[in-house]
Amino acid sequence: MTTDTCATCGRASDAHDRHVRFTLPDPILDLPDWEQTPGFWMSHETPVESVMMQVEGYGAFIRALLPIHLEGGHKLTYGVWIGVHPAALQEAFAVWWGENPAYLDLRLDGILANRLEPWDLFAVPVIATVKNQDETPYCTESSDPLLSRVLTEEWPHETVLS
């Protein structure tokens, strides 16, 4: 079997244009026996499938896509968790499923709830908006200067993929 390699960095092509999904928000990942934590709720049967989660005493979280643009037109997309106000979780829950046109107007103001390497970004402000009716919201902007750069600039393969 032949594997194509990237002309920019020499890595296998399948290391590019991929999706990496965080299983849990970092504050929940650190809990021992998180599944048995009182007040734990998630939108689907497993955290990998879930797009919403709430844990009493730890907060409300919504899944969002965070694209990293790589040199040469490649893109690495993280499925991250964003910590949001519980009222925002309720609003999102009300419009998320089905053909509800209000979903397209959904705007989530929150904080990044997963540590994003290699930038060591965590707990910084982020805004996620819906770009497509059939997709999870995308992280589109941040008042944090570094996260703003991560969202808008093109990054060398070595920086992100190593």
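Predicted model: local features only at pLDDT ≥ 70, side-chain atom pairs only at ≥ 80, totals over all residues.
Figure 1. D144 counts as buried because its relative accessible area is 18%, and the cut-off for a buried residue is under 20%. Setting aside residues up to four places away in sequence, D144 touches L121, V124 and P125.

Figure 2. The peptide bond that runs from E117 to P118 is cis, and its omega is near 10°. D120, although it is not a glycine, has a positive phi of about 55°. Both features deserve a careful look, because most residues other than glycine have a negative phi and most peptide bonds are trans. With a relative accessibility of 47%, D120 counts as partly exposed.

Figure 3. D33 is found in the loop between helix α1 and strand β2 (40–42). Its phi is near 55°, which is a positive value in a residue other than glycine. Is D33 buried or exposed? With a relative accessible area of 55%, D33 is exposed, since the cut-off for that class is over 50%.

**Figure 4. T23 and its partners from other parts of the chain.** T23 belongs to the loop between strand β1 (19–21) and helix α1 (26–29), and at 37% relative accessibility it counts as partly exposed. Not counting residues up to four places away in sequence, T23 touches P47, V48, R63 and W81. The C-alpha atoms of T23 and T46, which are 23 residues apart along the chain, are separated by 8.9 Å.

**Figure 5. L66 within the largest nonpolar core.** The largest nonpolar core has 48 residues, and those with the most contacts inside it are L66, I68, L116 and V150. Strand β4 (residues 59–70) gives the most to this core, with 7 residues. Which residues surround L66, once its neighbours within four places in sequence are left aside? L66 is in contact with L76, T77, Y78, V80, L112, L116, C139, L147, V150 and L151. In soluble globular proteins, nonpolar side chains tend to be buried together.

**Figure 6. The chain as a whole, as a setting for the close-up views.** The chain has 4 helices and 9 strands, and from the N terminus on its elements follow the order β-α-β-β-β-β-α-β-β-β-α-β-α. For 162 residues, a compact globule would have a radius of gyration near 15 Å, and the 17 Å of the chain agrees with this. The C-alpha atoms fill a box of roughly 50 × 40 × 35 Å along the principal axes. Buried residues make up 45% of the 162 residues, and among contacts with a separation of 6 or more, 56% are between residues 24 or more positions apart. The accessible surface comes to about 8600 Å², and 50% of it belongs to carbon and sulfur atoms. The chain carries 9 positive and 24 negative side chains, and the centres of the two sets lie 5 Å apart.

Conventions: Residues numbered from 1 in each chain as written. Heavy atoms only, no water. Helix = DSSP H or I, 4+ residues; strand = E, 2+ residues; numbered from the N terminus. Rg over C-alpha atoms; globule rule 2.2 N^0.38 Å. Buried < 20%, exposed > 50% of the residue type's maximum accessible area, 1.4 Å probe, protein only. Contact = heavy atoms within 4.5 Å. Areas by Shrake-Rupley, 256 points an atom, 1.4 Å probe, with all protein chains shown as cover. Lys, Arg positive; Asp, Glu negative; His and termini not counted. Charge placed at Lys NZ, Arg CZ, Asp CG, Glu CD. Core = buried A, V, L, I, M, F, W, Y, C linked by side-chain atoms within 4.5 Å.
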